Amino acid sequence: MEHLLTWIIFTPLIGTAVVLFLPKERVNLIRWTSALFTFIPLLLSVVMLVRFAPTVNGFQFVEHYEWIPMFNIEYYLGADGLSVPMIFLTALLSFLCIFASWGIDRGEKAYFALFLLLETGMMGVFTALDFFLFYVFWEIVLLPMYFLIGIWGGPRREYAAIKFFLYTLFGSVLMLIVMLALYFNSDVNPDPNIVKHTFDMVLLSDQSTHLPWLKSGTVRLIMYVMLYIGFAIKVPVFPFHTWLPDAHVEAPTPISVILAGVLLKMGTYGILRISYTILPDIALQTAFWLAVLGIINMVYGAFVAMAQKDFKKLIAYSSISHMGYVLLGMASFTQEGINGAVLQMFTHGTITGMLFLIVGILYDRAHHREIDGFGGIASQMPRYAGITSLAFFASMGLPGLSGFISEALVFLGAYRTFPVLVFIGVITIVVTAGYMLWTFQKVFLGGINEKYRTLPDINAREMFTLAPLGIIVVIIGVYPMPILHIMDNTLSFFVRLKDLFPLTGM
Amino acid sequence: MVMPQFGYQFMGNIKFLYPEIILSGTLLVLILLDIIFKKRAKWLLVSVSIIGLAVSLYSVNQHAYGQTTLMFGAVVFDRTAAFFKTLFAIVGILSVVILMSSSEVDDEHIGEYLVLLFGATVGMYLLASANDLVMFFLAFETVSLPSYALSGLARNSERSREAALKYLIFGAVSSGIMLFGIVMLAGMLGSTNFEALRDAYSRSAFTPGSMLVIVGLIVAGLAFKISAVPFHMWAPDVYEGSPTPVTAFFSVAPKAAGFAAVLRLFYTIFNSDQNMSVGFINSPEWYVLWGALSVVTMTLGNLAAIPQNNIKRLLAYSSISHVGYMLIGFMVTTSEGIVSILFYLSIYAIMNIGAFYIAILFRESIGTEDINEYKGIGWRMPFLSVAFAVFLLSLVGIPPFAGFAAKLVLFASAIHRGFYLIVLIAVLNSVVSLYYYAGIIRKMFLEQPDKIAVLRKPAGGFLPYFIVLILLAPIIVIGINWNLLFKWILHIVGAM
């Protein structure tokens with residue numbers, strides 16, 4: 001199939017246009033049309049998974065065209081072992097979230113149109129190989145997200161939406177400066193007399209294209225830090241995380257799922273795809289600090305989560321904690337560590353997606369999220385309790401479930417590079433188990449709260465949104481080799497950086 | 001023997017003056033029609049104006065690609081002039097078109113409005129072609145005088161009268177300061193012709209520092225016109241007080257004329273080797289002058305816009321901040337800098353007029369300019385509100401809208417010269433600007449209306465929607481691919 005990635009990116013955009021032309025009274029038609037236009041990219045991403053050849057070096061499904069020749073901007077797409085899992089994750093979560101959006105009861109047309117636009121933006125981020133194209137998609141994600149949180153969110157939605165927008169825009173304008181600086185300090189023309197600048201990430205990752213100014217260590221460090229801030233806000237890394245609890249608590253359930261499941265990964269993906277490849281020497285020099293920040297995220301996120309009374313806020317902070325694993329794994333520059341980090345990006349997407357859906361289901365029924373306000377729900381909603389326990393155990397990193405594999409790989413890899421940090425980091429496991437089990441106990445076990453005697457158990461539509469994620473969690477937990485096989489070859493590149501750019505004086 | 005030569009020197013290729021002649025002719029026709037039909041011929045006047053502007057637009061692009069001087073070198077016709085005249089004509093047409101949707105200028109006074117608009121436009125045409133200090137100042141005043149009258153056009157409104165007076169007083173003072181600078185320049189270099197001034201300057205021993213005083217005086221006058229801080233004080237009051245279509249015109253056309261004037265004057269006189277690599281415009285004094293002006297203008301414009309509740313006042317401050325961004329182009333100096341200013345101006349003109357046009361339509365619908373009254377309007381007038389959101393986001397510089405391309409090209413030109421700090425300040429300013437632009441979007445879409453106000457549909461049936469669509473199309477098309485517009489502008493500067 002020609003132009004596979006283009007179809008994956010732009011099918012949802014076609015969906016946006018189609019939805020806008022549907023009459024707004026036909027809510028069900030709008031829902032099912034959106035489902036169709038997210039199902040097609042899911043199908044195509046499965047085709048991509050099947051046709052992806054893990055052992056081939058470099059990018060596959062490449063599409064490379066001129067876009068704005070005046071600035072040598074290209075429409076350049078491609079996928080490798082790093083982006084393929086992310087594309088699949090995005091397609092899957094987007095499709096499932098359409099079904100989690102059944103409860104949206106006003107402005108449905110606008111909601112689904114924006115949701116589909118959001119998917120286009122996310123897909124673009126994970127496939128773009130031209131920095132400019134990447135930036136455009138990165139920004140396109142902001143617009144629908146602002147409206148989706150701001151219109152359909154909770155009571156403080158306006159504050160949360162603008163906070164999210166301002167924070168992320170702040171990060172991306174710093175990225176814009178670095179992008180332009182890289183452009184004007186690159187030369188891809190072999191003739192020394194003719195200078196040809198480029199936004200091409202693949203070419204920029206070749207250090208010989210950098211002009212002398214870009215070879216200075218200080219300049220590179222400043223650029224790395226600016227890029228890092230742009231990405232760290234998205235992850236979010238401490239201390240840039242304050243937008244996340246607000247955004248998560250106020251966002252409607254499916255948007256929380258997308259936010260935690262996909263948007264946060266755009267940050268770590270960006271660090272790997274851009275910072276690591278274009279400025280590898282600085283990435284190696286600063287790896288220790290990245291690991292420290294990862295540890296802070298893990299431990300701090302877990303402790304703050306433990307103190308939460310709001311179920312959704314607890315999950316939000318657990319996301320911060322779990323994204324810390326990704327940073328720690330990335331910073332280790334070992335095969336296990338980086339594999340673990342990328343696998344954690346994928347598994348966290350599925351697990352946290354489940355968790356947010358679970359909170360949403362409870363909120364739809366009880367209209368509040370106070371952890372202390374429930375009790376004994378398990379006897380009333382046994383199926384719900386069952387699937388919740390699966391998600392909770394996966395989040396805790398119980399062996400046999402996917403969270404265990406990725407976290408174990410991260411610790412395994414990081415131990416070789418930063419043994420002391422890992423000893424601090426393992427506290428997280430205990431704390432995570434603590435708050436997860438506590439929450440489970442308070443909400444599901446014990447005597448039933450009489451108010452909730454009549455809660456209906458989880459219905460078929462809700463089960464449909466949770467089951468695929470649950471199945472993936474179990475499969476990866478039991479047999480992770482297929483997905484590791486997809487990532488392995490690509491990620492070994494990052495490990496080789498350690499030999500290519502040996503550290504001096506550290 | 002002498003006479004033909006004199007005639008040729010003076011009027012040689014008169015066809016180059018056709019655009020100005022057409023405009024002046026239309027101006028006279030408008031006055032006559034207004035008198036003959038006793039102020040009851042709105043549609044006739046509007047059609048004549050649009051035709052007049054369109055013909056002059058056509059005629060500009062018929063002849064002007066060349067480097068011809070007329071009237072003993074007082075006016076020059078080159079591609080830069082052609083670019084600005086094209087821009088002025090388009091802005092003029094748009095201003096006339098959006099006038100039809102507004103009830104602020106009543107039918108009785110529409111003739112006066114159009115005559116004044118034409119007067120200002122003729123002045124701007126000549127300013128874009130000025131090649132002599134006297135011509136320069138005369139053209140400058142030809143732009144200013146109708147502008148003062150335009151701002152006071154709504155005679156029954158106290159706000160409008162106050163605006164006109166403020167504008168007049170500020171304008172007169174700054175013109176005086178500028179004239180002082182012009183006289184000193186002519187006195188020091190011994191000529192009024194720009195080319196002669198350039199030759200005299202390159203032969204003279206004046207250091208950039210000594211020129212800075214003169215340039216500073218002239219810049220003060222020009223900064224008033226483009227409403228750069230600290231000469232911006234008049235702008236919010238005048239913008240708020242003037243009828244909204246006039247404000248839309250003010251927010252774009254005289255600013256563009258001011259930029260044209262800077263390019264004409266300084267880039268001819270201080271550009272000794274045609275490459276902009278030596279001389280005053282490449283001295284630290286020049287960077288500091290424009291850099292400081294730019295930083296102060298954009299920062300103050302953005303910060304002052306945040307607390308505004310009146311949409312016209314808010315857009316006034318926003319336009320001040322945009323001038324601040326554009327001034328970076330002067331700091332950059334290189335032809336890339338000039339290209340980026342022209343590119344920014346073209347896009348800014350469309351998105352700003354678009355934003356003002358929707359403010360007009362909203363005013364017609366809900367009867368107020370107060371942003372707080374926009375609550376929930378997004379769900380009741382979805383098309384206009386979405387279009388408004390697009391214009392505003394484009395003003396912020398969010399891709400894929402044209403405003404992003406404009407900012408990108410501008411910042412790229414600065415980064416290419418290594419001016420990182422000012423770009424950093426500018427992008428942080430963009431983030432600040434998001435706050436107040438998004439504030440409008442938030443009112444429109446995120447908030448529920450307090451009371452269900454009566455909405456009047458904008459007059460003119462589908463026409464307003466059609467006009468919005470025409471303004472919206474370039475914002476999206478250029479945003480996705482700006483190759484064509486950029487190429488055209490590059491072509492223009494290539495001949496400079």
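B:Leu392 touches B:Ala355, B:Tyr437, B:Ile440 and B:Ile441, leaving out residues up to four places away in sequence. Touching, or being in contact, means that the C-beta atoms of two residues, placed from the backbone, lie within 7 Å. This is a predicted model, where local features need pLDDT of at least 70 and side-chain atom pairs count only at pLDDT 80 or more, while totals for chains, interfaces and linings use all residues. Residues are numbered from 1 along each chain as its sequence is written, and chains are lettered from A and ligands numbered from 1 in the order in which they are written.

**The nonpolar core**

- B:Leu392 is also one of the residues with the most contacts inside the largest nonpolar core, which has 394 residues.
- A nonpolar core here is a set of buried Ala, Val, Leu, Ile, Met, Phe, Trp, Tyr and Cys residues joined through C-beta atoms within 7 Å.
- Buried means 20 or more other C-beta atoms within 10 Å of a residue's own, exposed means 12 or fewer, and partly exposed is in between, with C-beta atoms placed from the backbone.
- Helix 14 of chain B (residues 335–366) gives the most to this core, with 22 residues.
- Helices (H or I, at least four residues) and strands (E, at least two) are DSSP runs, numbered from the N terminus.

**Where the two chains meet**

- On the chain A side, 23 residues are in contact with 26 residues of chain B.
- Strand 1 (60–68), helix 5 (131–152) and helix 6 (157–184) of chain A are the elements giving two or more residues to that side.
- Helix 6 of chain A gives the most, with twelve residues.
- Sort the chain A side by class and you get 20 nonpolar, one polar and two charged residues.
- For these classes, Ala, Val, Leu, Ile, Met, Phe, Trp, Tyr, Cys and Pro count as nonpolar, Asp, Glu, Lys and Arg as charged, and the others, Gly among them, as polar.

**Helix pairs**

- Helix 6 and helix 8 (217–234) of chain A pack at about 150 degrees, with their axes 8 Å apart.
- Axes are lines fitted to C-alpha atoms, for helices over the stretch in contact, and angles run from 0 to 180 degrees between N-to-C directions.
- Helix 6 and helix 8 of chain A are therefore roughly antiparallel to each other.
- As for the labels, angles under 35 degrees count as roughly parallel, over 145 as roughly antiparallel, 65 to 115 as roughly perpendicular and the rest as oblique.
- The crossing of helix 6 and helix 8 of chain A is left-handed; a crossing gets that name if the near helix is turned anticlockwise from the far one by less than a right angle, and is right-handed if clockwise.
- Their contact includes A:Tyr167, A:Phe170 and A:Leu174 of helix 6 and A:Met223, A:Leu227 and A:Ile233 of helix 8.
- That contact has twelve nonpolar, four polar and one charged residues.
- Helix 14 (335–366) and helix 17 (402–417) of chain A have axes that come within 8 Å and cross at roughly 155 degrees.
- This pair also passes in a left-handed crossing, and its contact divides into nine nonpolar, ten polar and two charged residues.
- Over in chain B, helix 4 (79–99) and helix 5 (110–129) pack at about 170 degrees, with their axes 9 Å apart.
- That makes helix 4 of chain B roughly antiparallel to helix 5 of chain B.
- Helix 4 of chain B passes helix 5 of chain B in a right-handed crossing.

**A buried residue in chain A**

- A:Met145 sits in helix 5 of chain A and is buried, with 26 other C-beta atoms within 10 Å.
- Leaving aside neighbours within four places in sequence, A:Met145 is in contact with A:Leu118 and A:Phe164.
- A:Met145 and A:Phe115 are 30 residues apart in sequence and 8.2 Å apart in space, C-alpha to C-alpha.

- Most residues other than glycine have a negative phi, and most peptide bonds are trans.
- A cis peptide bond joins A:Val235 and A:Pro236, with omega about -10 degrees.
- The bond from A:Phe238 to A:Pro239 is cis as well, with omega near 0 degrees.
- A:His367 is not a glycine, yet has a positive phi of about 60 degrees, and counts as exposed with 7 C-beta neighbours inside 10 Å.
- B:Thr333, also not a glycine, has a positive phi of about 70 degrees, but counts as buried with 23 C-beta neighbours inside 10 Å.
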